[in-house]
Amino acid sequence: MQPPMSASPHPRLLSDIDLAQLRADLENTPAAMARYILRTADYGRTDRLWPAHFLVFITNPLNVAYGACGTALFLHDLLGDVPAEVIRWMLAQPLSVESYPPGLYFGLAGIAYTFQKIGLEEEAEAVMTMMGQSPLLYQESNMLLGAAGWGLASLHFFVQTREQLYLDQAVQAGEYLLQSAQHEGETCYWRCNQDGMVHYGFGYGASGIALFLMYLHLLTGRADFYSYAIQGLEFDLANRVESKVGWQWKRFQEDTLLYPYWIHGSAGIGSTLIRFSHLLGIARYETLARQIAEDTFIKYAFIPSLFEGLAGIGEFMLDMFYLTRDETYRDRAFDIADTVLWFRIDRPEGVAYPGRWLTRISNDYATGAAGIGLFFTRLLRPHGRLFVDLDLDAVVGKSPPWAKATGLRSDAP
């Protein structure tokens with residue numbers, strides 16, 4: 001079974017006239033989205049700041065995926081700062097290792113990353129210190145919940161501050177991942193402790209872990225991190241399903257669904273592959289990433305969101321454009337953005353977007369407006385992808401490819 005997609009997997013791309021109108025619409029829409037977000041903030045609540053997916057009540061009010069941090073990152077990306085009342089609300093929320101897990105998208109690592117990005121540097125480092133004391137550090141391995149995610153946040157802090165303690169922290173995550181890996185032939189994988197299953201892809205599977213280990217190799221020079229990064233990526237590649245619409249992936253072993261998305265599916269694996277090709281110089285991985293991009297591009301899907309929707313596929317197309325210089329992928333990203341605009345909801349307060357299942361408005365990062373808005377702004381103003389790209393230029397001499405994007409502004413991240 002596959003998610004709904006267009007009758008033709010490769011519909012006609014936009015004409016030059018259409019593209020000019022689309023650019024104008026995209027230039028105006030993020031600001032209208034920000035207006036809606038700011039006008040629907042409820043500073044009197046402590047369980048959430050903005051309308052979001054219901055999992056905000058099961059997780060916590062600050063987490064990146066469903067809480068205030070992901071939405072604040074969109075506001076900062078668009079406006080250059082975050083309104084003072086939003087920051088006050090965020091800083092007023094009590095944090096502890098008892099009430100917050102350590103991970104990147106649902107816990108303290110993502111909150112620390114967000115605080116650093118929006119200029120709260122002292123608070124960010126304090127949260128990283130708290131994260132290092134969590135009893136749950138080694139409960140999971142994957143990018144979404146576990147050591148790969150908080151390890152990647154540690155690398156981000158290292159490249160920003162050059163403080164060795166953050167690199168040491170990331171190395172600890174990496175060594176745990178080496179110890180916890182399970183081997184299958186010349187590949188390796190990590191079982192998700194939350195459900196006991198082996199997942200594929202960026203969020204819960206080997207590709208996200210491989211991305212972290214690849215960055216860790218580049219920053220330490222350690223061959224074992226390189227070896228396990230390659231083995232993990234090869235595990236996901238070996239478990240592809242070749243269907244009539246090309247390469248796709250199950251979410252986990254024995255699953256019946258095939259997904260083209262970012263957290264689960266082809267877009268997340270392809271985004272990892274093209275970074276391996278760019279940073280390690282492995283030509284085969286660019287060839288495979290192009291194959292996946294060809295099979296993943298769709299004009300229509302029933303959800304516009306970042307984690308499991310069109311925006312995540314659009315971000316993969318942007319990754320392909322920035323890292324190959326092939327403008328076909330930028331055109332496809334614009335074509336996807338055109339479809340995403342169809343989901344907009346015009347309200348007196350501004351432009352809103354529906355969340356998962358399209359049943360209620362959501363301002364969050366994973367399912368709603370914040371993740372969509374970040375796709376729009378990265379499409380119009382080239383910069384690194386939050387949580388996925390590291391600023392490696394000063395550390396290992398790898399210049400950011402988005403700074404050279406043909407025909408687009410080259411603002412630094």
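User: How much space lies in the second largest pocket?

Analyst: The model is predicted. The lining of the second largest pocket includes T59, N60, S99 and Q194. The space in this second largest pocket is about 250 Å³.

User: Which residues lie nearest the centre of the largest pocket?

Analyst: The largest pocket holds about 440 Å³ of space. Its lining has 14 nonpolar, seven polar and four charged residues. Of the 25 residues that line it, those nearest the centre are Y66, Y204, H264, E308 and R356.

User: How many cavities of 30 Å³ or more does a search of the whole structure find?

Analyst: A cavity is a set of points where a 1.4 Å probe fits but cannot get out. With the cut-off at 30 Å³ or more, the search of the whole structure gives four.

User: How many charged residues are in the lining of the second largest cavity?

Analyst: About 90 Å³ of space lies in this cavity. Its lining consists of L306, E315, Y365, L374, R378, H383, G384, R385 and L386. Glu and Arg count as charged, whereas Gly counts as polar. Besides four nonpolar and two polar residues, the number of charged residues in the lining is three.

How values were computed. Residues numbered from 1 in each chain as written. Predicted model: local features only at pLDDT ≥ 70, side-chain atom pairs only at ≥ 80, totals over all residues. Heavy atoms only, no water. 1 Å grid on protein atoms, 1.4 Å probe; cavity = no way out; pocket = protein on both sides within 12 Å on 5 of 7 lines; lining within 4 Å. Points joined across faces, edges and corners; volume = space filled by probe spheres on them.
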